[in-house]
Amino acid sequence: MLIAPSLLSCDFSVFRDEIIRVDNAGADIMHLDVMDGHFVPNLTFGAPVIKKLRLATKKPFDVHLMISEPHRYIGDFAAAGADIISFHTECDSDIDETLKLIEEKGVKPALAIKPGTAPEVVLPYLDRLYMVLVMTVEPGFGGQSFMPDMMAKVEFLRKEIKARGLSTLIEVDGGIAKDTIATAAKAGVDICVAGTAVFGAPDAKEAIDELRALCE
Ligand code: DX5
Ligand code: ZN
């Protein structure tokens with residue numbers, strides 16, 4: 001299991017140090033939550049912040065766009081150093097066009113689905129996706145409870161990926177903690193985002209090691 005700490009739960013007054021801290025603690029991927037106060041009722045940070053943070057680590061940057069018009073900003077996030085860009089099927093941008101923009105920039109494309117969205121919506125794009133992000137909470141805030149019902153979507157997607165002979169990764173985001181990560185692992189998840197479980201723990205390395213161990 002790959003563990004992607006969500007920086008949403010870090011101490012933003014020392015953002016760069018927090019990235020270095022979880023890098024040293026063994027994080028596989030850095031999950032960066034971009035919110036526009038429109039697609040979700042919360043605001044975070046954008047491409048200029050990510051560009052500066054890019055210098056702090058070599059670990060992949062997984063940029064999760066919770067914004068209404070992702071197509072307008074793909075160039076900015078690619079230039080800022082995003083390795084993976086995920087955007088929501090529920091956004092106002094054209095999905096095909098937005099995926100094309102990401103592909104043209106040589107960034108790994110991913111589609112994210114909210115809890116109320118059926119997994120079938122990603123099927124027409126599956127062959128082009130590096131990853132599918134299945135939200136296990138309503139996007140917008142850290143610290144919410146994991147929705148186990150979403151594992152049916154993970155199982156459905158896992159089957160489809162296998163049937164098509166693809167290597168598309170499945171990521172879950174929201175409420176991943178010691179008591180929920182094994183459920184995600186069993187359903188066939190490859191990457192677990194964890195905000196509170198990593199940044200709320202006294203020792204990030206212990207927290208990450210323990211989360212990983214619970215998947216074995
Ligand atoms: C929520 C974000 C998540 C969030 C997860 O909209 O996409 O990445 O930070 O936080 P936890 O792990 O605390 O649920
Ligand atoms: Zn996220």
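Reader: Which element gives the largest share of the shell around ligand 1?
Author: Strand S2 does, with three residues. Strands here are DSSP runs of E, at least two residues long, and helices are runs of H or I, at least four long; both are numbered from the N terminus.

Reader: What sort of model is this?
Author: The model is predicted, so to speak for local features pLDDT must be at least 70, and side-chain atom pairs count only at 80 or more, while totals for chains, interfaces and linings use all residues. Residues are numbered from 1 along each chain as its sequence is written, chains are lettered from A and ligands numbered from 1 in written order, and side-chain values use heavy atoms, without hydrogens and water.

Reader: How many residues surround ligand 1?
Author: There are 20. Ser6, Gly140, Asp173, Gly195 and Thr196 are the closest. To count, a residue needs a heavy atom within 4 Å.

Reader: How much of ligand 1 does the protein bury?
Author: 99% of the 380 Å² that ligand 1 exposes when taken alone (Shrake-Rupley method, 1.4 Å probe).

Reader: Which elements give two or more residues to that shell?
Author: Strands S2 (30-35), S3 (61-66) and S8 (191-194).

Reader: New topic. What classes are in the shell around ligand 1?
Author: Eight nonpolar, ten polar and two charged residues. Gly counts as polar here.
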